[in-house]
Amino acid sequence: MKIAVCIRRVPDTTAKIAIGPSGTAIDPAGVKFVLNPYDEYAVEAALALKDAAGTGETVAVAFGDDSVQETLRTTLAMGIDRAMHLQGTPSIDGLANARVIAGALKDGGFDMILFGKLAVDDYAQQTGPMVAELLDLPCATAVTSLSVDGGTAKVEREIEGGTEAASCALPAVFTCDKGLNNPRLPSLKGIMAAKKKPLDITPVTVGDAQASLVGLAMPPERPAGRIVGEGAAAVPALIEALTSEAKVL
Amino acid sequence: MAAILAILEQRDGALRKGAAELIAAARQLADADGGTVDAIVFGAGDVSGIDGLGGMGADRVLTATHADCAHYCPDAIVATVASVAGDYRAILTAATATGKDLAPRIAARIGAACGMDVTGLAMQGGAIRVTRPVYAGKAIQTLDLAGTPVIAVRPSAVAANPTGKAGVTQAVTVPSYTKRLTVSGVSTADQGAVDVAEARVVIAGGRGLGDPKHFALLEDLVAAFGGDAAVGASRAVVDAGWIGHGHQVGQTGKTVAPELYFAIGVSGAIQHLAGMRTAGTIVAINRDKDAPIFKVADYGIVGDLFEVMPALTEAVKRARA
Ligand SMILES: Cc1cc2nc3c(=O)[nH]c(=O)nc-3n(C[C@H](O)[C@H](O)[C@H](O)COP(=O)(O)OP(=O)(O)OC[C@H]3O[C@@H](n4cnc5c(N)ncnc54)[C@H](O)[C@@H]3O)c2cc1C
Ligand SMILES: Nc1ncnc2c1ncn2[C@@H]1O[C@H](COP(=O)(O)O)[C@@H](O)[C@H]1O
């Protein structure tokens with residue numbers, strides 16, 4: 001089982017976000033960067049599938065500037081065998097980035113390519129299915145269950161009001177959602193071993209973009225609310241507010 | 001003139017909710033220069049509800065019928081939409097699990113840009129300008145999308161805007177395609193239950209409930225609201241196994257924008273707020289007056305939820321009687 005896991009370096013989810021002076025990017029000062037939480041599920045799935053198969057290779061892939069090497073090392077410490085750094089500057093256009101990633105994976109002979117469901121910075125939610133389309137591979141997004149039997153994969157994904165079951169032949173692309181597994185933490189031994197694992201650097205360039213970034217702004221503040229009272233005695237005041245002010249009852 | 005294509009969803013042969021909102025979003029773009037809106041529906045046979053699409057603002061209703069389309073069949077939809085994409089200025093899907101699965105596939109097939117979870121959209125010169133939450137809603141991104149972009153629109157972005165006109169129905173052919181993924185079925189956990197992402201009223205519980213059996217307090221209030229309310233949950237209680245992940249609201253759960261959101265015994269962690277801060281009206285019940293949830297709540301009650309909830313449920317029943 002040869003599995004690629006595409007990963008992204010993102011601000012920690014608890015980070016306070018401020019817009020930088022350019023008005024098009026966040027101010028990185030004081031922000032801690034981590035492995036995208038959904039990519040942890042993808043890494044865990046890759047490690048577990050390789051273990052179950054008994055043989056194979058897991059490869060982590062990141063497209064970005066040199067800072068992504070630290071994040072790639074995190075995946076190596078979790079147990080990934082080797083890392084590929086696609087060195088360059090990603091575009092705001094998800095398809096342009098997907099073309100870079102697809103190009104790097106095309107001839108890799110992977111049985112499976114895993115992604116996170118979304119990156120918690122840009123929320124683009126498109127890299128995985130686009131790579132699948134570009135490589136002409138089957139794809140299921142946001143899977144919460146993934147099992148392999150011979151050359152076939154079975155998945156489940158949550159949809160509004162239910163769970164959808166699907167299957168496809170390998171090689172295939174999946175994007176991973178919460179619920180798929182419980183990602184392991186890097187062990188001390190893993191961290192030591194990661195230092196000696198291969199991390200290959202390939203310079204890449206993105207092609208034309210059809211999306212352009214106009215700006216980034218803080219969300220509108222919610223108007224200040226109020227405490228209507230304490231305990232059950234406050235219920236009539238709440239009902240009154242919901243009925244005549246908010247008009248939602 | 002801009003022709004806009006809206007891809008609608010059906011399940012079990014019936015149109016899903018959200019069609020009116022998606023068509024209204026398409027109309028908003030089309031009307032900027034006197035253009036037209038086509039709505040396309042995929043099914044294995046007749047799909048009930050499509051006769052209302054003209055009245056929702058669709059000029060034409062395109063029906064694509066294929067045996068594979070009994071369930072969601074992304075490969076069939078992508079092939080069909082790609083075969084007609086040249087006629088359109090933009091292609092819209094709803095920002096649902098299905099619509100978000102579809103949009104990037106279509107975009108990659110036709111070589112277009114893709115905008116997901118869009119909350120605002122307008123024609124802007126030669127491009128379509130979209131706004132969308134990023135960084136878990138901590139910032140709003142504005143993008144210009146050139147070409148024929150594929151845009152997944154949040155249901156709450158544009159309100160339904162019925163026109164009362166009749167649309168023309170026309171069949172389109174599903175071209176021959178390779179079926180790479182087979183959806184074998186959909187299991188609905190609790191029959192008839194409204195999904196938390198689609199409910200008008202969400203009643204969310206957190207660790208303050210103390211025990212999974214106390215979700216009954218929330219279900220009582222759901223029942224008091226009738227058919228369009230759903231139970232939501234914080235991650236803490238989902239991870240504790242008190243309730244299924246399908247109910248989780250927040251960064252690693254669902255993003256919801258109901259008219260009315262109740263946070264019951266939920267502290268209001270930033271990752272929870274990411275999933276519900278755009279709700280119409282937010283009500284918080286928490287015994288800690290300094291809980292961060294009160295910072296985003298329109299109305300708060302400081303108190304013990306076990307005391308407040310039964311009184312609240314009774315009062316809602318009376319108010320709605
Ligand atoms: C990467 C990442 C992603 C995450 N994603 C999500 C997500 O999607 N959704 C999410 O919700 N969280 C998410 N979290 C977790 C989040 O940080 C919080 O831990 C979680 O939201 C807390 O849940 P809670 O409010 O139920 O529990 P607590 O924070 O423990 O709050 C319980 C609240 O109940 C109140 N309370 C207790 N007893 C009573 C009573 N009798 N009456 C009234 N009030 C009472 C308390 O005052 C307290 O405010 C994520 C965290 C990380 C790191
Ligand atoms: N620059 C990147 N390099 C490698 N993988 C990426 C990159 N950006 C996104 N991904 C992958 O695509 C998933 C979805 O990201 P996005 O489409 O940006 O929301 C992430 O969880 C990663 O698995």
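**Two chains, two ligands: group meeting talk**

Okay, let's start with one residue: B:Thr98 has a relative accessibility of 10%, so it counts as buried, where buried means under 20% relative accessible area, exposed over 50%, and partly exposed in between, with a 1.4 Å probe and protein chains only. Before I go on, this is a predicted model, where local features need pLDDT of at least 70 and side-chain atom pairs count only at pLDDT 80 or more, while totals for chains, interfaces and linings use all residues. Residues are numbered from 1 along each chain as its sequence is written, chains are lettered from A and ligands numbered from 1 in the order in which they are written, and side-chain values use heavy atoms, with hydrogens and water left out.

Back to B:Thr98. You'll find B:Thr98 in helix H4 of chain B, residues 97-110; helices (H or I, at least four residues) and strands (E, at least two) are DSSP runs, numbered from the N terminus. Leaving out residues up to four places away in sequence, B:Thr98 touches B:Glu9, B:Tyr72 and, over in the other chain, A:Ile159. Contact here means heavy atoms within 4.5 Å.

Staying in chain B, have a look at helix H3, residues 74-84. Nine of its eleven residues are buried, so H3 is largely enclosed by the rest of the structure. Among them are B:Pro74, B:Asp75, B:Ile77 and B:Val84.

Now the two chains together. How many residues of chain B are in contact with chain A? The count is 89, and they meet 77 residues of chain A. The size of an interface is often given as the accessible area lost when the parts come together. Here the chains bury about 6,700 Å² between them, 54% of it on carbon and sulfur atoms; that buried area is the accessible area (1.4 Å probe) that two parts lose on being put together, summed over both. On the chain B side, B:Tyr135, B:Arg180 and B:Tyr299 supply 12% of the area buried against chain A, more than any other three residues.

On to ligand 1. Residues from chains A and B surround ligand 1, so this site is shared between chains. There are 26 residues around ligand 1, and those coming nearest are B:Ser234, B:Thr252, B:Ser267, B:Gln271 and B:Asn286; near means a heavy atom within 4 Å. By class, that shell has 15 polar, six nonpolar and five charged residues. In chain B, helices H6 (235-239), H7 (270-273) and H9 (305-320) each supply at least two residues of the shell.

For polar contacts, meaning a pair of N or O atoms within 3.5 Å, a polar side-chain atom of B:Ser234 lies 2.6 Å from an oxygen atom of ligand 1. For the side chain of B:Gln271, an N or O atom is 2.7 Å from a ligand 1 oxygen, and for B:Gln248 the figure is 2.8 Å. Taken alone, ligand 1 exposes 990 Å², and the protein buries 79% of that, by the Shrake-Rupley method with a 1.4 Å probe.

Last one, ligand 2. It has 19 residues around it, with A:Cys6, A:Asp39, A:Phe63, A:Gln125 and A:Thr127 coming nearest. The shell has eleven nonpolar, five polar and three charged residues. An oxygen atom of ligand 2 is 2.9 Å from a side-chain N or O atom of A:Asp122, and one is 3.0 Å from a polar backbone atom of A:Gln126. How much of ligand 2 does the protein cover? It covers 97% of the 480 Å² of accessible area that ligand 2 has on its own.

Note on methods: A polar contact is a pair of N or O atoms within 3.5 Å; within protein, one must be able to donate a hydrogen and the other to accept it, and residues adjacent in sequence count only if both atoms are side-chain atoms. Ala, Val, Leu, Ile, Met, Phe, Trp, Tyr, Cys and Pro count as nonpolar, Asp, Glu, Lys and Arg as charged, and the others, Gly among them, as polar.
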